[in-house]
Amino acid sequence: MGANAILLMTIFMEASLHQPMYYLLSLLSLLDIVLCLTVIPKVLVIFWFDLRSINFYACFLQMYIMNCFLAMESCTFMVMAYDRYVAICHPLRYPSIITDQFVVKAVIFILARNALPTVFVPLLSARLHYCGRNVIENCICANMSVSKLSCDDVTINRLLQFAGGWTLLGSDLILIFFSYTLILRAVLRLKAEGAVAKALSTCGSHFILILFFSTILLVFVITHVAKKKVSPDVPVLLNVLHHVIPAALNPIVYGVRTQEIKQGIQRLLKKGW
């Protein structure tokens with residue numbers, strides 16, 4: 001979370017970084033910070049002080065923020081993949097396509113596409129009748145972990161969770177894969193010495209991080225489907241890892257490895273001293 005905060009501060013304070021690509025990176029860092037603040041403090045309180053209780057409404061608020069902001073992060077990855085596609089495949093048209101206005105429209109699209117559909121997940125869970133035990137087999141208020149405590153039929157909740165996940169995250173992953181396929185094809189045609197290696201190094205690390213982000217969600221879904229064959233601790237561990245690892249790697253893969261941001265951080269540190 002500290003790395004994301006430094007990245008946000010650097011982009012905000014360095015005038016040379018006030019460009020569309022870095023605005024998108026700022027959005028990604030902001031989403032990571034919100035997700036960490038939503039999940040990690042409660043997890044730490046549980047492990048350190050064994051304070052396991054959570055308010056009924058706070059639980060569903062946490063559920064909404066997790067679902068909404070994870071979908072927003074996936075959508076941001078998709079927009080950033082398009083940004084890299086235009087930069088590499090159409091470099092001369094990049095300044096006219098990826099503009100400040102494009103970033104504003106992209107942010108509006110990310111908010112509208114993810115904030116509204118994901119609100120139904122906690123609403124459907126909250127309307128269930130909870131008449132049994134009130135202990136969630138998880139350290140966070142995941143939809144299915146909460147819903148299975150209900151005495152009602154949760155088939156609709158399961159269908160909505162899977163359909164929403166595959167529709168939002170699945171479509172993003174397909175478009176990201178398509179963008180990087182076109183990028184790879186364009187990169188392999190480059191004849192400049194060292195250009196192919198540099199482009200593959202940059203885009204390869206981006207794509208690996210995105211695959212990790214998507215794959216761990218897929219594994220989490222599989223563990224819920226095959227819950228009788230998998231230890232109940234596995235989904236809990238995957239949930240926590242999914243909120244910690246991408247948030248820690250994003251500023252490194254997208255930020256520190258970028259020369260302009262590295263120089264901006266160095267200038268910021270010198271000003272601080």
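Visitor: Is the disulfide of Cys-59 and Cys-141 left-handed or right-handed?

Guide: Happy to start there, and please keep in mind that this is a predicted model. The sulfur atoms of Cys-59 and Cys-141 lie 2.1 Å apart, and the two residues form a disulfide. The torsion about their S-S bond is about -125°, so the disulfide is left-handed.

Visitor: Are helix 2 and helix 5 roughly parallel or roughly antiparallel?

Guide: Helix 2 packs against helix 5 (residues 100-115) with the axes 9 Å apart and an angle of about 25°. Angles under 35 degrees count as roughly parallel. The two helices are therefore roughly parallel.

Visitor: Which residues of helix 5 meet helix 2?

Guide: The crossing of helix 2 with helix 5 is right-handed. The residues of this contact divide into seven nonpolar, no polar and one charged. From helix 2 come Pro-20, Tyr-23, Leu-24 and Leu-27, and they meet, in helix 5, Asp-100, Val-103, Val-107 and Ile-110.

Visitor: What about helix 3 and helix 5: how many nonpolar residues does their contact hold?

Guide: These two helices pack at about 145°, with their axes 9 Å apart, in a right-handed crossing. Helix 3 contributes residues including Tyr-64, Cys-68 and Met-72, and helix 5 contributes residues including Phe-102, Phe-109 and Arg-113. Beside two polar residues and one charged, the nonpolar ones number 14.

Visitor: And at roughly what angle do helix 1 and helix 2 cross?

Guide: Helix 1 (residues 2-13) passes helix 2 (residues 20-49) in a left-handed crossing. Among the residues in contact are Leu-7, Leu-8 and Ile-11 of helix 1 and Leu-25, Asp-32 and Ile-33 of helix 2. Eight of the contact residues are nonpolar, three polar and one charged. The axes come within 9 Å, and the crossing angle is roughly 150°.

Visitor: How far apart are the end C-alpha atoms of residues 61-82?

Guide: An unreviewed UniProt entry lists residues 61-82 under "transmembrane region", along with other spans including 166-188. In the model, residues 61-82 are 100% helix and 0% strand, and residues 166-188 are 96% helix. For residues 61-82, the end C-alpha atoms have a separation of 31 Å.

Methods. Residues numbered from 1 in each chain as written. Predicted model: local features only at pLDDT ≥ 70, side-chain atom pairs only at ≥ 80, totals over all residues. Heavy atoms only, no water. Axes fitted to C-alpha atoms, helices over the stretch in contact; angles between N-to-C directions. Helix = DSSP H or I, 4+ residues; strand = E, 2+ residues; numbered from the N terminus. Left-handed = near helix turned anticlockwise from the far one by under 90°. Contact = heavy atoms within 4.5 Å. Nonpolar A, V, L, I, M, F, W, Y, C, P; charged D, E, K, R; others polar. Parallel < 35°, antiparallel > 145°, perpendicular 65-115°, else oblique. UniProt positions renumbered as here; feature names shortened; annotations may be inferred. Disulfide = S-S within 2.5 Å.
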